[in-house]
Amino acid sequence: MTASITPERPSAIEGQRSRPLIVTEDEALLDDLLRLCAAAGAEPEVAHGALTRRGSWEAAPLILVGDDSAARLSDRARRQGVLLIGRDLDDHGIWQRAVALGADNVAFLPDAETWLVDRIADVAEGVGRQALTVGVIGGRGGAGASTLACALAVTAARSGRRTMLIDADPLGGGLDVLLGGEGAQGLRWPAFAESRGRVAGSALEESLPELHALRVLSWDRGDSVVIPPPAMRAVLAAARRRGGVVVVDLPRRVDDAAAEALSQIDLGLLVVPAELRAVAAAHRVASTVGMVLRDLRAVVRGPCGPELGDEEIAELLGLPLAGQLPPEPGLADAFEGGEPPGGSPRGPLGRFCAEFWTRALADEGGATA
């Protein structure tokens with residue numbers, strides 16, 4: 001259990017990997033906090049009731065103070081990122097000690113272990129601004145959503161941004177195949193199917209295949225694997241913490257895992273061919289997805305005729321128009337030649353994606369590289 005004393009604010013400097021500080025003389029509590037730090041991938045500095053290293057209080061990005069040491073530290077300079085750790089939920093005096101210490105929060109063990117591991121891991125990873133996360137979903141089968149997802153990721157990576165592409169559609173053909181990397185070394189979804197709690201963002205990124213300057217989480221060629229919602233939640237959260245941009249290829253059928261993915265999407269793109277039957281199918285998809293994802297926009301795949309233009313299609317769907325994706329002759333030949341979707345910045349697909357990122361990143365105030 002945790003309770004806030006002051007509004008929670010990030011204490012880690014973006015890109016910085018620093019050691020949290022533990023201050024306690026309670027050996028049992030110290031053992032627990034060391035165990036939680038190990039689970040978070042952090043190596044802490046330990047002060048046994050007294051600060052022996054000059055400047056450690058001021059420099060540590062996160063300070064875990066055992067309740068046994070709170071009174072001795074009440075004269076320390078006030079700062080952000082101080083947590084008071086206790087065990088007794090019925091000890092009402094801990095709130096006065098927390099105020100005197102200037103603590104941001106009080107955390108009671110063992111109830112708050114998961115929350116505390118997350119806070120420590122944020123420090124260990126140097127978490128800054130989260131990635132702008134874009135989901136792509138087809139209005140009907142064969143709409144071209146996977147192609148657009150790959151092209152968006154390739155375009156973002158070409159601009160120098162940290163980019164991760166996640167294939168959340170287990171019935172698709174595999175985005176690594178579209179990128180020409182089905183044989184590339186690295187982990188696929190089955191390796192993460194049992195993930196629970198927190199996945200380290202850096203470890204996730206480093207374990208995935210690197211294709212065209214981006215990291216890809218796709219499916220292997222084995223039997224179908226069910227990804228439980230906690231695993232989807234843990235993996236997407238880890239990807240988002242790395243910053244930059246994350247592109248997610250979403251299934252049209254919204255099961256529990258897909259709903260979990262949708263809950264972490266900042267902006268969704270519904271790809272709709274400019275055909276009346278496709279619009280009818282896309283309307284059903286939009287109705288379902290819209291219950292979870294607030295910002296869903298239509299991408300109309302041309303060519304559009306005079307009777308059914310891109311604005312009319314978006315209006316029929318009740319969605320804002322993200323743009324029209326014109327045809328790209330020779331896309332299949334380019335793929336056969338080893339060029340990924342969006343590989344040509346001068347092609348219609350590459351230009352569409354570049355313009356999309358310019359607008360989306362401007363709306364977000366930019367994203368970390």
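**Model.** I am working from a predicted model.

**H5 against H13.** I looked up how helix H5 (residues 145-158) sits relative to helix H13 (residues 348-363). Their axes come within 9 Å and cross at roughly 65°. Angles of 65 to 115 degrees count as roughly perpendicular, so I put H5 and H13 down as roughly perpendicular to each other. I noted the handedness too: H5 passes H13 in a right-handed crossing.

**Who touches whom.** On the H5 side I find Thr147, Leu148, Ala151, Leu152, Thr155 and Ala156. They meet Leu349, Gly350, Phe352, Cys353, Ala354, Phe356 and Trp357 in H13. I sorted these contact residues by type and got ten nonpolar, three polar and no charged.

**The sheet.** Then I traced an open sheet of eight strands, and its order reads S9-S10-S8-S11-S7-S12-S13-S14. The pairing is mixed. At the edges I have strand S9 (210-211) and strand S14 (321-325), each pairing on one side only.

I checked strand S12 (residues 267-273) with strand S13 (residues 296-301): they run parallel, joined by six bridges. Leu269 stands opposite Arg297 in S13.

**Back to H5.** Which strands does H5 lie across? I list strand S7 (132-138), strand S8 (163-167), strand S10 (214-217), strand S11 (245-249), S12, S13 and S14. I took its direction against S11, and H5 runs at about 165° to that strand.

Key. Residues are numbered from 1 along each chain as its sequence is written. This is a predicted model: local features need pLDDT of at least 70, side-chain atom pairs count only at pLDDT 80 or more; totals for chains, interfaces and linings use all residues. Side-chain values use heavy atoms; hydrogens and water are left out. Axes are lines fitted to C-alpha atoms, for helices over the stretch in contact, and angles run from 0 to 180 degrees between N-to-C directions. Helices (H or I, at least four residues) and strands (E, at least two) are DSSP runs, numbered from the N terminus. Angles under 35 degrees count as roughly parallel, over 145 as roughly antiparallel, 65 to 115 as roughly perpendicular and the rest as oblique. A crossing is left-handed if the near helix is turned anticlockwise from the far one by less than a right angle, and right-handed if clockwise. Contact means heavy atoms within 4.5 Å. Ala, Val, Leu, Ile, Met, Phe, Trp, Tyr, Cys and Pro count as nonpolar, Asp, Glu, Lys and Arg as charged, and the others, Gly among them, as polar. Two strands pair if DSSP finds at least two bridges between them.
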